[in-house]
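Me: I have a model open here and would like to go through a few local features with you. Could we take them one by one?

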Amino acid sequence: MVRLSRRNFLKSAVAAGVLLSAGGVIRAIDQGGFATGRGAAYEPWHTWMEEEAGKDPMLRLVRASILAANAHNTQPWLYRLNEQGINIYADISRNIGTMDPLFREMNISLGCAIENAIISAKAYGYDAKATIIPGQFDSIHIANIALTQGSPEQSELFHAIGSRHTNRAAYDRNKQVDSDVLQQLDRLADDLPDVKAVWFADASLKEKLGHCIIRATEAIVNDPIQAGDSHKWYRHDWDEIQRHKDGTTLDATGNSALTRFFGKLTPVSEQTSNNYWLKMTKEIHVPTAAVFGMILVKDQSDRVQLLQAGRLWQRMHLWSAVHGLAMQPLNQPHERRDREFQLGIEPVFGQAIMELTGEPGFEGVFTFRAGYPVSEGLASPRRSAEEVLLAR
Ligand SMILES: Cc1cc2nc3c(=O)[nH]c(=O)nc-3n(C[C@H](O)[C@H](O)[C@H](O)COP(=O)(O)O)c2cc1C
């Protein structure tokens, strides 16, 4: 048996490390390990305010609109410009299947996109009159935003459109969100009839909702069809991200730069990614939330109310970006509630949400956490405005 001296062992280890890391570095470059937020898939975040000569000035509103929050980064929108303004359509081919069987999240996502379009219309000097169009899933014309000449008015929310990102990292456990901050967030709903936010700030309420979020995550992970529909939108590598320009990514998980770097070196199976999601929910998302919030509407089967809920979420998230707060939706209880409804099984989560909100005449449709960030949230990919524009 050949015995290695300590010195020789160290030399071999270093040599192996160099070889491995050379291969690793090549793969890391290949997988965008050093290129967080770069490439065509991230370009819309850098150019959203640019006006291109020869292009319709209204296209700038679409450039702002597509940076909106949206479920699983599915970007379920299409736009058509005409002389009078912008029309927004749902692209129902981009639904998340059993994760969103009632299209609740798709409609909220479209509401977020409408809000960014309206905020930017004002900034660019248009008077914007939005007509939200009611209807069922098969009727996909969602909104008309009529534009007439007004005077430019750049709000603080407008400036945050390009810096708002979902933050899935740990939040500062020692910093509470003051009640006056929550009141300012509440006021963002003042002109949105039928929609409001409620807060879960004290320890016992937080514990109840946190527990519900964890149980719902477990239920999704244990439902292979639902978990599979969720995982379909996970983009594994650089090529996939740059090709699809949508979906969820490792960079947006809230992990440290080192974990993200090494994570890009090895492909992730659905099982690993589910376990990891559950672990993050239990150890980071729920316990480091300074406060949970829930958006309520009077009737969650009413598309207009869901779109208004989306407008409120986009406003609140932009406001949080301006004021140094971090936010992350945690919609697992609602995703399970809708799945129970679809399957016609006992409404465990439907009941739990009702008990948690305790607001007669209102239904919870969207849950999130807020707190002060320890690290910044990173950008998610986007298809460009041109890629989601229908011919006139
Ligand atoms: C209706 C809706 C539901 C969402 N649900 C979740 C969720 O349950 N968990 C989560 O981490 N993010 C959730 N998000 C955030 C999206 O995943 C995020 O907006 C999208 O990936 C784009 O990233 P960005 O917000 O950083 O631009 C949701 C967003 C919307 C609008």
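Me: Let's start with Glu218: buried, exposed or partly exposed?
Reply: Glu218 is partly exposed, with a relative accessible area of 27%, where buried means under 20% relative accessible area, exposed over 50% and partly exposed in between, computed with a 1.4 Å probe on protein chains only. Please keep in mind that this is a predicted model, in which local features need pLDDT of at least 70 and side-chain atom pairs count only at pLDDT 80 or more, while totals for chains, interfaces and linings use all residues. Residues are numbered from 1 along each chain as its sequence is written, and side-chain values use heavy atoms, with hydrogens and water left out.

Me: Which helix is Glu218 in, and what is it in contact with?
Reply: Glu218 lies in helix α7, residues 203–221, where helices (H or I, at least four residues) and strands (E, at least two) are DSSP runs numbered from the N terminus. Leaving aside neighbours within four places in sequence, Glu218 is in contact (heavy atoms within 4.5 Å) with Leu278 and Lys282.

Me: And Glu115, buried or exposed?
Reply: Glu115, which is found in helix α4, counts as buried at 3% relative accessibility. With neighbours within four places in sequence left aside, its contacts are Arg311, Gln314 and Arg315.

Me: What about His317, where does it sit?
Reply: His317 belongs to helix α12 and is buried, with a relative accessible area of 2%. Outside the four places in sequence on either side, His317 is in contact with Arg164, His165, Thr166 and Met327. The C-alpha atoms of His317 and Gln328 are separated by 8.8 Å, the two residues being eleven apart along the chain.

Me: What volume does the largest pocket have, and what is its lining by class?
Reply: The volume is about 1,100 Å³, taken as the space filled by probe spheres set on the points, with grid points joined across faces, edges and corners. The lining has 20 nonpolar, 24 polar and six charged residues, where Ala, Val, Leu, Ile, Met, Phe, Trp, Tyr, Cys and Pro count as nonpolar, Asp, Glu, Lys and Arg as charged, and the others, Gly among them, as polar. The largest share of that lining, seven residues, comes from α11.

Me: Switching topic, which residues of α6 are buried?
Reply: In helix α6, residues 179–187, the buried residues are Val181, Leu182 and Leu185. Seen down the helix axis they fall within an arc of 100°, so they line one face of α6; the arc is that of the directions from the axis to the C-beta atoms. They pack against β5, β6, α12 and β7.

Me: Why call β5 largely enclosed?
Reply: Five of the six residues of β5 are buried, so the strand is largely enclosed by the rest of the structure. Six bridges join β5 to β6, and the two run antiparallel.

Notes:
Pairing = 2+ DSSP bridges. 1 Å grid on protein atoms, 1.4 Å probe; cavity = no way out; pocket = protein on both sides within 12 Å on 5 of 7 lines; lining within 4 Å.
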